[in-house]
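User: I am new to this entry. Please show it to me, and then I will ask how the terms are applied.
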Amino acid sequence: MSTPNVLDELQWRGLIAHATDLDALRSHLGQGSVRFYVGFDPTAPSLHMGHLVQILTARRLQQAGHTPYALVGGATGMIGDPKETGERTLNSLDTVKDWVEKVRGQIEPFLSFEGANAATMVNNYDWTASLSVIDFLRDIGKHFPVNRMLARDVVRSRLEAGISYTEFSYVLLQSLDFLNLHRDHGVTLQFGGSDQWGNLTAGVDLIRRADGERAHAIATPLMTRSDGTKYGKTEGGALWLDPEMLSPYAFHQFWLNVEDEKVGELLRVFTFLRRGEIADLERLTAEEPWKRAGQKALADEVTTLVHGADETEQAKAAAAALFGGGDLHALSTTTLAAALREAGAASVSREALPSIVDLFVEAGLAKSKGEARRTVSEGGAYLNNVRVEDPDHVPTTDDLVGGSWLVLRRGKKHFAGVEAR
RNA sequence: GGCAGGUUGCCCGAGCGGCCAAUGGGAGCGGACUGUAAAUCCGUCGGCUUUGCCUUCGAAGGUUCGAAUCCUUCACCUGCCA
């Protein structure tokens with residue numbers, strides 16, 4: 001799907017929070033396949049929702065005929081991008097190398113490595129590790145006025161609390177990446193999250209100062225809830241893309257629970273549905289919000305992109321079984337067991353079934369017995385969809401659904417299963 | 001280097017010898033209302049073998065029947081002076 005100008009598409013999807021020069025960029029993108037890059041620092045063993053915006057944006061640009069360079073920050077990950085809350089803890093080389101491989105593996109499925117505009121994976125460790133300090137300070141450092149570096153928002157916010165020279169220098173490395181990719185591969189566009197804007201423009205400046213050439217930058221917006229707080233948090237933490245860190249079921253549930261006001265925006269950013277389809281879904285969400293057509297489409301689309309169609313079907317089936325409101329005993333054992341494994345399951349001995357409080361802790365629905373006890377006293381604890389009011393209640397083998405399962409629920413929407421063996 | 005002030009539970013922030021596991025706000029969690037939404041209201045919010053016990057108020061010592069609260073030393077932060 002080659003659009004006349006992909007920039008219009010990105011703007012319509014709300015993906016451009018800042019850009020260096022929109023008119024110049026538009027004509028640049030209209031003149032053929034532009035080589036662009038986007039970087040990911042390995043700061044955790046998995047990428048999350050925020051990175052997904054970048055990955056999908058890269059895919060959109062590639063689909064429009066442009067050529068992606070996906071960069072993993074083997075070098076920048078060793079240094080750490082300054083953040084407002086404080087100094088980062090340095091990770092060991094082994095850790096960073098491990099995470100680089102994981103991150104790389106998460107990006108690759110989204111891009112095409114074949115054809116005229118095949119994607120390329122690069123690692124900035126390759127050109128940074130052997131760089132001499134003298135060369136770095138003379139060739140790169142000379143182009144960075146410290147007074148300008150001090151004026152950046154992130155740096156300024158850290159001057160009181162303190163910032164190490166290490167983090168202060170981060171922007172030089174990222175700018176060097178852009179310069180190198182520009183020189184060696186003809187890359188002329190970098191994009192990243194809006195919190196990266198300073199780093200993006202620094203790279204554009206460096207290319208101009210060092211080589212006298214023009215480059216472009218785009219910043220995508222930070223995803224926020226309607227109350228302004230950051231998106232992408234679940235009970236367990238970030239919205240990780242790694243199924244080991246966040247089950248496809250939990251991932252699917254996150255999107256399904258998105259607020260009505262945000263459905264349209266999220267559909268534009270996180271799916272490849274076309275304008276007409278999104279317009280229909282927005283209309284349905286406004287007219288019949290209780291049907292949550294937008295949320296369902298969003299959850300299915302994004303989960304399929306990240307985890308595949310099979311996992312999506314299983315997540316949906318699990319949700320249907322658990323939230324169906326029907327009699328649990330009416331479900332087939334296979335369906336029930338699959339649903340509970342999706343939601344999270346533990347196993348106990350059927351010889352001595354633990355009390356409801358212990359079961360909640362065992363199944364991960366409560367962090368401590370105190371919390372489990374509290375949940376019971378608050379009326380938020382359910383066994384097989386029946387509220388339990390006695391924290392010392394001990395289920396019997398008669399309670400086992402399908403012969404071996406106990407269905408636990410906390411509050412309205414947190415399910416877990418316990419298998420009695 | 002000198003003087004003054006600070007360091008409290010996930011975050012912000014009270015407390016200034018016993019009634020303190022520690023006021024209040026935010027986040028989180030549960031309930032009501034709903035649509036597995038938002039808003040609102042109510043409750044809850046260190047751990048445990050839970051009418052009690054244990055571990056917390058920057059760190060380590062000390063005074064006292066008893067300390068988050070007093071004293072000493074150390075670490076870090078802030079302000080004023082040099």
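Analyst: Chain A has an accessible surface of about 19,700 Å², and 49% of that belongs to carbon and sulfur atoms. Such areas come from the Shrake-Rupley method with a 1.4 Å probe, and for residues only the protein chains shown count as cover. This is a predicted model: local features need pLDDT of at least 70, side-chain atom pairs count only at pLDDT 80 or more, and totals for chains, interfaces and linings use all residues. Residues are numbered from 1 along each chain as its sequence is written, and side-chain values use heavy atoms, without hydrogens and water.

User: What share of the residues of chain A count as buried?
Analyst: The share is 49% of 421 residues. Buried means under 20% relative accessible area (1.4 Å probe, protein chains only).

User: Why does the pair between Lys369 and a phosphate oxygen of RNA strand B count as a polar contact?
Analyst: A side-chain N or O atom of Lys369 is 2.6 Å from a phosphate oxygen of RNA strand B. A polar contact is a pair of N or O atoms within 3.5 Å, so this pair qualifies.

User: What lies 2.4 Å from a polar side-chain atom of Lys412?
Analyst: A base oxygen of RNA strand B does.

Definitions and conventions:
Chains lettered and ligands numbered in written order. Polar contact = N/O pair within 3.5 Å; in protein donor to acceptor, adjacent residues only side chain to side chain. Buried < 20%, exposed > 50% of the residue type's maximum accessible area, 1.4 Å probe, protein only.
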